[in-house]
Amino acid sequence: MIFSVYFQHDCSLCKFGVKCSYAEAGISDDSRSATIDVVADVRNERIVVLGGSGFVGSAICKAAVSKGIEVISLSRSGRPTYSGSWVDQVNWVPGDVFYANWDEVLVGATAVVSTLGGFGSEEQMKRINGEANVVAVSAAKDFGIPKFILISVHDYNLPSFLLSSGYFTGKRKAESEVLSKYPNSGVVLRPGFIYGKRRVDGFELPLDLVGEPLERILSAVENFTKPLNALPASDLILVPPVSVDDVAYAVVNAVRDDDFFGVFTIEQIKEAAAKVKV
């Protein structure tokens, strides 16, 4: 029996083939032989995480590496100061999304994940939550990246004067850009309060000590509190927090699943994460 194996690699797609032939003893290979060709397409995922050294971004990088996905992080701070085996497996690129050399950052990528966002003055929030993401979406689309994943924010039932702040208007502007440029592959995740161990200036804030029990309590009483959801700003208190790991694994699911696109709520984020956590 003779086996031959061949590989063909083209950007993000690997073709793996096995050719098998056999000849019985005493019978010429030409007269009694059979050939079996098996060709399978194996997709090599390579993602670019914008803001990869931040709280949510680093969790996404770690989760992606654990699932065999190649990761490039683009952030102003570059490589984080803390250590870890997964840290060494990420290509940390220092840079600003407004001045990035996209030809170098995006080459070979199968998806871009944006965790860009933050608070500040009205102009600062519009710029980082909205304009920065719009720039990134346009760059990814122009480069031919097939998927864009945005970490946005829960659709809170806040008074209109709060929803008109730069933070929320920026986030919704970014969402619109993703969904318009990627109607069949764009992903918008809308978590609420995200908890986990957050590093700030060298110190670790254990947000999970508050977030995890709160998530369990609010999830347990969700059926009883639903009538209160119509009250203005009620979901600031009643919407369950979500683990940063759930957000990260939901991103991994989005990267892998071509049928996963659109806008996803907190509960849907948790369901998507559960598919790839094991």
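This is a predicted model: local features need pLDDT of at least 70, side-chain atom pairs count only at pLDDT 80 or more; totals for chains, interfaces and linings use all residues.
Reader: Is strand β8 (residues 148-151) covered on one face or on both faces?

Author: In a regular strand the side chains alternate between the two faces of the sheet. Phe148 and Leu150 lie on one side of β8, and both are buried.

Reader: Which residue of β8 is the bridge partner of Val113?

Author: Strand β7 (residues 111-114) runs parallel to β8. Three bridges join the two strands. In β8, the partner of Val113 is Ile149.

Reader: What is the hand of the β-α-β crossover from β7 to β8?

Author: The chain leaves β7 and passes through helix α3 (residues 122-143). It then reaches β8. This crossover is right-handed.

Reader: Which residue of strand β9 (residues 187-189) is the bridge partner of Ile151?

Author: β8 also pairs with β9, in the parallel sense. Three bridges hold this pairing. The partner of Ile151 in β9 is Leu189.

Reader: How are helices α9 and α10 oriented to each other?

Author: Two packed helices are described by the angle between their axes and the distance between the axes. The axes of α9 (residues 244-256) and α10 (residues 266-277) come within 7 Å and cross at roughly 75 degrees. Angles of 65 to 115 degrees count as roughly perpendicular. The two helices are therefore roughly perpendicular.

Reader: How many charged residues are in the contact of α9 with α10?

Author: α9 contributes residues including Asp246 and Arg256, and α10 contributes residues including Lys270 and Lys275. By class, the contact has eight nonpolar residues and one polar residue. The number of charged residues is five.

Methods: Residues are numbered from 1 along each chain as its sequence is written. Side-chain values use heavy atoms; hydrogens and water are left out. Axes are lines fitted to C-alpha atoms, for helices over the stretch in contact, and angles run from 0 to 180 degrees between N-to-C directions. Helices (H or I, at least four residues) and strands (E, at least two) are DSSP runs, numbered from the N terminus. Angles under 35 degrees count as roughly parallel, over 145 as roughly antiparallel, 65 to 115 as roughly perpendicular and the rest as oblique. Contact means heavy atoms within 4.5 Å. Ala, Val, Leu, Ile, Met, Phe, Trp, Tyr, Cys and Pro count as nonpolar, Asp, Glu, Lys and Arg as charged, and the others, Gly among them, as polar. Buried means under 20% relative accessible area, exposed over 50%, partly exposed in between (1.4 Å probe, protein chains only). Two strands pair if DSSP finds at least two bridges between them. A crossover is right-handed if, with the strands pointing away from the viewer, the path from the first strand over the helix to the second runs clockwise.
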